[in-house]
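Here's a quick briefing on a few local spots in this fold. Take a look at the model first, then read on.

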Amino acid sequence: MHPEWERACEVHLFISMCLIIVALRPGSERPRYRCFDWTLPSSLGLACPVLTAVLSDIHANLEALTACLEHAQERGAKRFAFLGDLVGYGADAREVVETVARYAVAGAVVIRGNHDQAIEKGGGYFNDAARAALEWARETLTDDQKSFLASLPLLVRHETVCFVHASAAAPERWDYIDSSAAAKRCADAADACYTFCGHVHDQVLYFENAHGRMSQFRPFPGTAIPVPNHRRWVAIVGSVGQPRDRNPAAAYALFDPAEKNLTFFRVPYDAAAAADKIRRSGLPGSLAYRVELGI
Ligand SMILES: [Fe+2]
């Protein structure tokens, strides 16, 4: 192993062990949140604690979505939560919405993202390439699919779990959780042990320390992180269809409420095929370039 890589692994292992020790430390304070029981309404299909795949920011990238769904199912995922931005940027808006709508019928949680909302309401804050992709999606989607997007909730909360696209603190403002302070505002508003967010297009886990402040942890893909329910956790699960950390591999997370652990994943897929579709659809070439390079 290269010495620098070996050193990086040692540092990451050390940080992981510190996090685990801190998280598992009994502490003198009493838990401020109810124990996680995952007793969501049966209408949501979430009535018992089973392995749940949390996917966000698919952005009309069918190749990336298919790879993540297969990856999750191979690992035993039984339930699914999609945290919004099904459309925008990519060339498979119709196919992605069709796939997610099928999961919704089977009980998946589906949340509205800012790109999904822009299909119906427009929005002046997108750059030219994003606006072009939204206009293209608006023409491509069926009326039923547009109605489906317009019907999606901004936030779903039940018992100690909260799902939202941006931040639980005023989700309609589409604020980014880009600091511990922003994560704290989100956790306070969510009033949940576990809050799952997208929007940032990166994978970050925030956890509450013994003093009630949020600390940031950068997860290592494929490593399960203990997430005991006496602390609050805000998990930013990354982007399936347009990661922005110079790694094109699709990102998502698996939450195991029975074992109380969370695993972030990166899934390599045929990004060249997704980029090729973007170019052939006549969408801005910069969008293809971003998918290929993960930027
Ligand atoms: Fe997004």
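A residue counts as buried if 20 or more other C-beta atoms lie within 10 Å of its own, exposed if 12 or fewer, and partly exposed in between, with C-beta atoms placed from the backbone. Helices (H or I, at least four residues) and strands (E, at least two) are DSSP runs, numbered from the N terminus. This is a predicted model: local features need pLDDT of at least 70, side-chain atom pairs count only at pLDDT 80 or more, and totals for chains, interfaces and linings use all residues. Residues are numbered from 1 along each chain as its sequence is written.

**Strand β5 and its partners**
- In β5 (residues 161–164), Val161 and Phe163 point one way, Cys162 and Val164 the other, and all are buried.
- β4 (residues 155–158) runs antiparallel to β5, joined by 4 bridges; strands pair if DSSP finds at least two bridges between them.
- His158 sits opposite Val161, and the β4–β5 hairpin has 2 residues between its strands, with Glu159 in the turn at a positive phi of about 50°.
- On the parallel side, β5 pairs with β6 over 3 bridges, and Cys162 faces Thr195 there.

**Helix α4**
- Of the 8 residues in α4 (residues 114–121), 6 are buried, among them His115 and Ile119.
- After α4 comes Gly122, with a positive phi near 70°.

**Asp202**
- Asp202 lies in the loop between β6 (194–197) and β7 (203–208).
- Asp202 is partly exposed because 17 other C-beta atoms lie within 10 Å.
- Pro243 is 41 residues from Asp202 in sequence, yet 6.5 Å away C-alpha to C-alpha.
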